[in-house]
Amino acid sequence: MPPFGLLHRRAWASLFGQLLRPSGLVCIGEVHFHSQGTRDLSPQQMVVREKILDMVIDCFKRHGAKRLDTPAFELKEMLTEKYGEDSGLIYDLKDQGGELLSLRYDLTVPFARYLAMNKVKRMKRYQVGKVWRRESPTIVQGRYREFCQCDFDIAGQFDPMIPDAECLKIMCEVLSGLQLGDFLIKVNDRRILDGILAVCAVPQSKFHAICSSIDKLDKIPWKDVRHEMVAKKGLAPEVADRIGDYVQRHGGVSLVEEMFQDSRLSQNKQALEGLGDLRLLFEYLTLFGIAEKISFDLSLARGLDYYTGVIYEAVLLQTPAQAEECLNVGSVAAGGRYDGLVGVFDPKGHTVPCVGLSIGVERIFAILEERMKTAGLKIRTTETQVFVATPQKNFLHERLKLISELWDAGIKAELLYKNNPKLLTQLHYCEHMGIPLVVIIGEQELKEGVIKLRSVASREEVAIKRENLVAEIQKKLSES
């Protein structure tokens, strides 16, 4: 796996296949913005984006997920108060018919609403779609107001921690497959966090506010978090210090066992349940061969209100030298267990336990785009396999018949939209666009019943019988 911040052509060639070409192609360009926090994506950017999404979706399918889609907007009442402090970031819409609507904030709440509305008790689903957040965008970190999410979720009543372990395995597979460099997945449990706050004597009314402060520990030091808790959120200094003793700790399964022995925490029922589940989770992660990628991190809080159990977040690891040359994008994947959310939408309050993850494709895309610009790599914007050319005038009809034959055989083909193009212009176009093969038809070829097949890279030409052309092209393409 290449180190973070470096890009090896061989690794990228394996990832992007024939899309990377050695020369003569267009580089990924600068991003141009319209309304703040949104952007157009160029053909070059879309090629990279599609490859990332294809890899993520292939992984989701490998784990047996079905695809689901939900509307871009929901009834406002369905979204409000589901995200805690972040509910203020929801985009509201005014409907001419009087319905109060909002653009979806994520793909999780619409999924829970779908399960409740359709009385679905068990489902393994994935969804890829745009979501919207009314916040100040940080473009250099891959943060936008409109962005794409890739979610995988398992809904249903199952034995503890088996689906949760699979979600973490999927996260590892995706991040390893994208060759982003070394990464770490932080894991915690909301029940452990709530237990810590309870035994540290934090008033129940302040739990959410203090959790949101703890969640900043990956960005700012403990002394600043402590100051926020005490000065801005009214927590007693000694209570903040007790919290600090816990939330600055991280480790593996040994830390879970250590927490079991903690005299204060072991008195809290919620915390004990969370620790028991984490012990079991680490057992399954070891069997999946990914335990070394997981860190039990007591500072992980995950701001969203709907999480009820295990929570996790993946971050890329960087050396100090790499940090200077790379984007600081924060977490690149996250998720957790939300057992109560479906019940919020069900008229009778029937719940469906759920656990899931979301891949931060925009942040991943920002990293890969920056690396490709730095390395000067060039990519193809089309997948054209064959170009139909002629060296002579008045051969448009023959070219049209020939290209139609290729299209009908499922071959990706192009020609120039001119009656009488110059051969050199046609060959230059193939080199510029990275098209590997050219078929050439002229008077001599027509007379002899053959077609010339030319390799753009080597410039070698062979004459092939017209009736064998499709088979020969398919053979050549399979060899490349």
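**Aromatic pairs**

I began with the rings and found that the structure holds 5 aromatic pairs. I keep in mind throughout that this is a predicted model. In the pair I looked up to start with, the rings of Phe-60 and Tyr-126 have their centres 5.9 Å apart and their planes at 50°, so I wrote the pair down as tilted. I then asked myself which parts of the chain this pair ties together. Phe-60 lies in helix α2 (residues 43-62) and Tyr-126 in strand β5 (residues 123-132), so the pair ties together parts that are 66 residues apart in sequence. I checked the accessibility of both residues, and I noted that Phe-60 is buried and that Tyr-126 is buried as well.

Next I turned to Tyr-306 and Tyr-307, which form an aromatic pair of the edge-to-face kind, with 5.1 Å from centre to centre and 65° between the planes. Are these two tyrosines buried or exposed? Tyr-306 has a relative accessibility of 7% and therefore counts as buried, and Tyr-307, at 9%, counts as buried too, because the cut-off for buried is under 20%. Going back to Phe-60 and Tyr-126, I saw that they form one aromatic cluster together with Phe-152.

**A glutamate in strand β2**

I looked up Glu-74 and found its place in strand β2 (residues 73-75). Its relative accessibility is 6%, so Glu-74 counts as buried. I wanted to know what Glu-74 is in contact with once its neighbours within four places in sequence are left aside. The contacts I wrote down for Glu-74 are Leu-79, Leu-100, Leu-101, Ser-102, Pro-110 and Arg-113.

For strand β15 (residues 437-440) I asked which residues cover each of its faces.

I then followed the pairing of β15 with other strands. Strand β13 (residues 386-389) pairs with β15 in the parallel sense, over 4 bridges, and I noted that the bridge partner of Phe-387 in β15 is Val-438. Strand β16 (residues 450-455) is also joined to β15 by 4 bridges, but here the two strands run antiparallel. In this pairing I found Leu-437 standing opposite Ser-455 in β16.

**Cavities**

The largest cavity has a volume of about 80 Å³. Which residues line the largest cavity? I listed Thr-38, Arg-39, Leu-41, Arg-49, Lys-130, Tyr-144, Glu-146, Phe-147, Cys-148 and Glu-362. Strand β6 (residues 146-155) gives the most to this lining, with 3 residues. Sorted by class, the lining of the largest cavity has 4 nonpolar, 1 polar and 5 charged residues.

The second largest cavity holds about 60 Å³ of space. Its lining is made of Lys-186, Ile-214, Asp-215, Leu-217, Asp-218, Ser-299, Leu-300 and Glu-313. I sorted this lining by class as well, and I wrote down 3 nonpolar, 1 polar and 4 charged residues for the second largest cavity.

Technical notes
Residues numbered from 1 in each chain as written. Predicted model: local features only at pLDDT ≥ 70, side-chain atom pairs only at ≥ 80, totals over all residues. Heavy atoms only, no water. 1 Å grid on protein atoms, 1.4 Å probe; cavity = no way out; pocket = protein on both sides within 12 Å on 5 of 7 lines; lining within 4 Å. Points joined across faces, edges and corners; volume = space filled by probe spheres on them. Nonpolar A, V, L, I, M, F, W, Y, C, P; charged D, E, K, R; others polar. Buried < 20%, exposed > 50% of the residue type's maximum accessible area, 1.4 Å probe, protein only. Pairing = 2+ DSSP bridges. Contact = heavy atoms within 4.5 Å. Phe/Tyr/Trp six-rings, centres within 6.5 Å; stacked < 30°, edge-to-face > 60°.
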